[in-house]
Each structure stands twice: as structure tokens, then as C-alpha cells.
Amino acid sequence: MSDDAQAAKELVETLKDGERGYTTAAERLADGEHPEWAATLRRHAEQRAGFRREIVEMGHAYDDDVDASGSATSALHRGWIALKDAVTGDDAGSVLGAAVTGENHAVTEYEKALEQDLSDGFRAVVSRQHAAVVAARDEVEALRTTG
């Protein structure tokens, strides 16, 4: 398997987790004191879905099925699992803290991908998405610290 395909599979799993995590976090905050935070989290969930589609489409262009479930490593992608564990209520600080934890995991996965021998085109996509994931994490962290 090429480095592109391997990195793509890992990132697709990470992006799926992020999309689900942000969606869950937004649902938790939707009826709280800061509904605008929920809107921000929904925007990030949509961004993750778009990033995932972009990577999957690139894989299809190279005849790689990078969206196939069931890989052994997919069980390791649990950066957002803290959200499920931490959020038994609707405490905004806990929800946002779990989101930051999930995003820290995503940033790490993107950095691992960038350490691989990626093709120029895929590296450009991963670099651009990495910058957006870092910005999203920083935005959520800022919400948490100002809340």
C-alpha cells in the first residue's frame, strides 16, 4: 500500500471521528447558554465531512479505497472518545474540553501523515487540511477559555 493510501485511510478514520464528535458536541450545546458555540461546532463537523470526501475522492482517482471500514488501526482512532466519557450532562466547559482533546488527536494524525513520503498533490491537501484543523482546535480552545 502506498504512503498516500495508508495516510489517507488513517485520516479518513480521524475525520469520521471528528465529524461525529463535533456533531455530538453541538447537540449537547444547542440548548445551552451559548447556542452560537453549537453553530461553530456544527460548522467544524461539516468541514470534517468535506475533508473526508476530498480525501476519499483523491483515493478513488488512484483506484484506492481509502474509505473501507474495518482496518485494524481504525479501532485506535479514539481521539474523540473523551467526549462520550466526559459528557454526561451539558456542561459547556466539559464539552469544549473534550472537543479540544479530539482535535489534538486529529492534529497529531495529520502531523504523522506529513512525516510520510506523500505525493506532492496529496501533501498539499494534507498540509492545507492540517492548517484548518489546527485553526479549528485553537478556535474551540478559545471558546472554552472565554466561556
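Residues are numbered from 1 along each chain as its sequence is written, and side-chain values use heavy atoms, with hydrogens and water left out.

- Ala-124 lies in helix H5; helices here are DSSP runs (H or I, at least four residues), numbered from the N terminus.
- Ala-124 and Leu-114 are ten residues apart in sequence, and their C-alpha atoms are 9.6 Å apart in space.
- His-130 also has its place in helix H5, and it counts as buried because its relative accessibility is 16%.
- Not counting residues up to four places away in sequence, His-130 touches Val-107, Tyr-110, Glu-111 and Leu-114, with contact meaning heavy atoms within 4.5 Å.

**The nonpolar cores**

- The largest nonpolar core has 20 residues, and Leu-11, Phe-51, Ile-55, Tyr-110, Phe-122, Val-126 and Val-133 have the most contacts inside it. Such a core is a set of buried Ala, Val, Leu, Ile, Met, Phe, Trp, Tyr and Cys residues joined through side-chain atoms within 4.5 Å.
- Helices H1 (3-29), H2 (35-61), H4 (92-114) and H5 (120-146) each give two or more residues to this core, and the largest share, six residues, comes from H5.
- Another core, of 15 residues, lies apart from it and includes Ala-25, Leu-41, Val-100 and Val-140.

**How H1 meets H4**

- H1 and H4 pack at an angle of about 170°, with their axes 10 Å apart. H1 is therefore roughly antiparallel to H4, a label for angles over 145 degrees.
- Among the residues that meet are Leu-11, Leu-15 and Tyr-22 in H1, and Leu-96, His-105 and Tyr-110 in H4.

- The protein chain averages a pLDDT of 84, and 80% of the residues score at least 70; pLDDT is the predictor's confidence in each residue, from 0 to 100.
- Confidence is highest in H5, at 95, and lowest in helix H3 (residues 81-86), at a mean of 53.
- Over residues 70-78, pLDDT stays under 50. Where pLDDT is low, the predicted coordinates should not be read in detail.

How values were computed
Buried means under 20% relative accessible area, exposed over 50%, partly exposed in between (1.4 Å probe, protein chains only). Axes are lines fitted to C-alpha atoms, for helices over the stretch in contact, and angles run from 0 to 180 degrees between N-to-C directions. Angles under 35 degrees count as roughly parallel, over 145 as roughly antiparallel, 65 to 115 as roughly perpendicular and the rest as oblique.
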